[in-house]
Amino acid sequence: MTDAVRTTALTKRFGAQVAVAGVDLIVPAGSFAGLVGPNGAGKTTTLSMITGLLRPDGGQAEIDGLPVWRDTLEVKARIGVLPEGLRLFERLSGRELLIYNGRLRAIPKDEVERRATELLQVMDLAEAADKLVVDYSTGMRKKIGLAAALLHNPSVLFLDEPFEGVDPVSAQTLTEVLRRYTASGSTVIFSSHVMDLVERLCDWVSVMSRGQIVAQGPLAEVRAGRSLNQAFLDLVGRSPEQGDTGLTWLGSGEQR
Amino acid sequence: MSSVAGTVALFGGLKLRLLAGNLRGDLARKLGFAFTLVMAVGLALLGFFLMSLVRLAPADVAADIVVVVFTVFLVSWMIVPLLAFGLDDTLDPSRLSLFPLSMGTLAVGMFTASATGVWPLVTLIVTAGALAGLAAGVGGVLLGILAVLLQFALCLVASRLVTTSLSSALRTRRGRDVLAVAALGAVLVFQLPNLLVNSDVGDPLALLHGAASVLRWTPSGLAAHAIADGGLVGLAELVVLALVVVAVAWLWIKALGRALVTPDVSTQGGTVGKGSGLVDRFLPDGPLAAVVTKELKYIRREPRYRVVWFSSVVVTALLAFSIGNQGDGPSGPGTPIALTAMAGLMIALQLGNAFGIDGRSLWMNAVAIGSERGLSIDLAGRHLANALVAAPLLLAVAVAAGLFTGSPEAIVWALCAGLGTLGVGFGIGSVTSVVIPYTVPERLNAFTGAAPGQGGQAVASSMGALLGIVLLSAPFVVAAVFGALWVCAFAPFYGLLAEVLGRRLGAKIGFARLPEVLAAVSKPT
């Protein structure tokens, strides 16, 4: 089986700060993969470099065996991206956004319109389809963003924190769509720090800490009998006594 | 009271720290700040010097000048921060609403924060220049010092009152949309005196005197007059002024109290039509049609586009007005040609930073564009959409200018020249868009068109584009103005050639540095 994503020694620094320090990420094709790590571990930076949105300082990234920074045309046709921060074309309506996105990728208009209507239906956005994205709520933005990323039927989907700030109902819709998508053999990679969710959805986990991969493999292997949350805390290396010192003033509600 | 002193120190320190924090680690911002500082020091010295020069004028004229200057300061303080809202974190009271601060403490703190900074200091120095320019005798100086301080305090509290009472409306989308367009009105107001002076409406001295005789009774006018008077009348005026300051401050504290507990006005989103428009009927289906459709929608819906289009039209109209005023009557076919070419240039300049308004959303294009050709099509779509709006406008300018100058035979040539500069501008703009891209802030204000720290890029980009367009358009415009009208027949083709070549070059450079372009237009604003 080929890997959907493989990076070797991917590096990025911003000024003096090293954001990503040699990441060797591997995601087998057809997996539902979670990229987990504490805030500032370099998840977003890594995903941006793999999707061609941020130029790495060093190392390689391959998607379906194609080098991202050389076979740009081929790679960009194969990936779908939902970056962090919900940055969308605010002054288009949801429907217009999807249609724009599809036609930009040279899909015929009729076909784009058909897919857009179906996606809006599935995402439960049919009613808001003709409202401007600038007036959408967080959950609606995530859903329209995911719809836009799926529209051209990519073989690998990158989602940065897709469930952050999303209500349970929308989250359920999102997971259903993603499950159906991976069941057909496509690959999803999403970053998150909600361990329960990753444990529930993923069959492959990569754990990042301080700009490096500290563990990756099938979910059961990484967990090794523990809960994923415990495994994560062990891996990211927070010693238990750290929480016990200091903070003696906290609690009991006495005001100074 | 020590707690007041503590609050002053705390908020003053907070503001200084925010200013310093903005500069950390970013060379461009540091340079920008250094530039601001140099400009501020220069303006402060120049302002003080000019104000002290007022002493050379006759006494009544001097007083009139200071009255007008003080009023302009007050009005500017009320308008400018409003348009630049969001540049200063200490201005937004909602950020402080969770801290257990009493209203008085909060008011003292916010007052301190707004008095701390480069521009307040400049204002204080220039205002103090009135002392050197106007005060006579010991009484004049003593009252003058008081008057300057009160005028300064009034500027601050009045500006705070305006921003605070509008802050909840300003946080909604619609409020910001309205304000973005209102910013233009302010620019026009600032241009008005310039126009009036240029058009010799009358004797400038009489004009000054007329304005001052009205403005003299405004609070800032009272301050100015008190300095000139230096006697009991001046003292009485200062008492009135002090009462006004206290009243405005009281209103401001009330507004602050209300702003902290009033939720944002919710915005009801309207729906938009589903029609795909004429574009699809004439363009083949594909990325080009997609970009053109999207750009046309953006020109209609995005307030920043409305602002830039509106300003292009207004600037052209202003130019027409001043050119029309300078000549003695109709001046032949040269004028409409030059004017239409100028209009083409103004419109094309909008695309000197083609990706700036897309900003953080540009990733969506970036993940779809996989080749130089893709980027070239993207640019072509933007040019086409812009040209679809520009062509009728240029026609209108050409016809109006041709009829107005009494040379209707020049209309066709003028339109050709306008289209020529438009094409040249698109070509140059394709290159500047990818070489010197910068973020256009969500909230366009009238004073900077770029994200914090990118002011230098914005100036370099627009100056570069302007220079490039002028140089490349010079051959046909100059020839036409000097009588060789037929040269203009080639202008549209010349423009088209420039557009194609520029777009090719831009796509070549831009595709290679797409991530860098994306980063440059995605700066936080």
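**Two chains of a predicted model**

With 17 C-beta neighbours inside 10 Å, A:Ala106 counts as partly exposed; a residue is called buried if 20 or more other C-beta atoms lie within 10 Å of its own, exposed if 12 or fewer, and partly exposed in between, with C-beta atoms placed from the backbone. This is a predicted model, in which local features need pLDDT of at least 70 and side-chain atom pairs count only at pLDDT 80 or more, while totals for chains, interfaces and linings use all residues. Residues are numbered from 1 along each chain as its sequence is written, and chains are lettered from A and ligands numbered from 1 in the order in which they are written.

A:Ala106 sits in the loop between α3 and α4 (109–122) of chain A. Helices (H or I, at least four residues) and strands (E, at least two) are DSSP runs, numbered from the N terminus. Most residues other than glycine have a negative phi. A:Ala106, however, has a phi near 65 degrees, a positive value in a residue other than glycine. A:Arg210 also has a positive phi, near 45 degrees, and this residue belongs to the loop between β10 and β11 of chain A. A:Arg210 is partly exposed, since 16 other C-beta atoms lie within 10 Å.

Strands of a sheet pair through backbone hydrogen bonds, either parallel or antiparallel. In chain A, six strands form an open sheet with mixed pairing, in the order β7-β8-β9-β4-β10-β11; two strands pair if DSSP finds at least two bridges between them. The edges are taken by β7 (79–82) and β11 (212–218) of chain A, each with a single partner strand, so one side of each is left without a neighbour in the sheet. On average, neighbouring strands of this sheet are turned by 15 degrees against each other, direction ignored. Strand β10 (residues 204–209) of chain A and β11(A) run antiparallel and are joined by six bridges. A:Val207, for instance, has A:Ala215 in β11(A) as its bridge partner.

Helix α6 (residues 168–183) of chain A packs on the sheet, where α6 touches β4 (32–36), β8 (156–160) and β9 (187–192) of chain A, and its direction makes about 140 degrees with that of β9(A). Here, two residues are in contact if their C-beta atoms, placed from the backbone, lie within 7 Å. Axes are lines fitted to C-alpha atoms, for helices over the stretch in contact, and angles run from 0 to 180 degrees between N-to-C directions. Helix α9 (residues 228–236) of chain A lies across β4, β10 and β11 of chain A, at about 35 degrees to β10(A).

Where do the two chains meet? The contact takes 32 residues from chain A and 29 residues from chain B. On the side of chain A that touches chain B, α2 (72–78) and α3 (94–104) of chain A each supply at least two residues. The largest share of that side, five residues, comes from α3(A).

Chain B holds 20 helices and zero strands. Of its 525 residues, 46% count as buried. Two helix pairs show how such elements can pack. The axes of helix α14 (residues 334–349) of chain B and helix α18 (residues 455–481) of chain B come within 10 Å and cross at roughly 155 degrees. That makes α14(B) roughly antiparallel to α18(B); angles under 35 degrees count as roughly parallel, over 145 as roughly antiparallel, 65 to 115 as roughly perpendicular and the rest as oblique. The residues of this contact divide into twelve nonpolar, three polar and no charged, where Ala, Val, Leu, Ile, Met, Phe, Trp, Tyr, Cys and Pro count as nonpolar, Asp, Glu, Lys and Arg as charged, and the others, Gly among them, as polar.

Helix α16 (residues 372–404) of chain B packs against helix α19 (residues 491–512) of chain B at an angle of about 130 degrees, with the axes 8 Å apart. That angle makes α16(B) oblique to α19(B). The contact of α16(B) with α19(B) is made up of five nonpolar, four polar and five charged residues.

Finally, B:Ile227 lies in helix α9 (residues 219–229) of chain B. B:Ile227 is buried, with 29 other C-beta atoms within 10 Å. Beyond its neighbours within four places in sequence, B:Ile227 is in contact with residues including B:Val66, B:Leu131 and B:Ala147.
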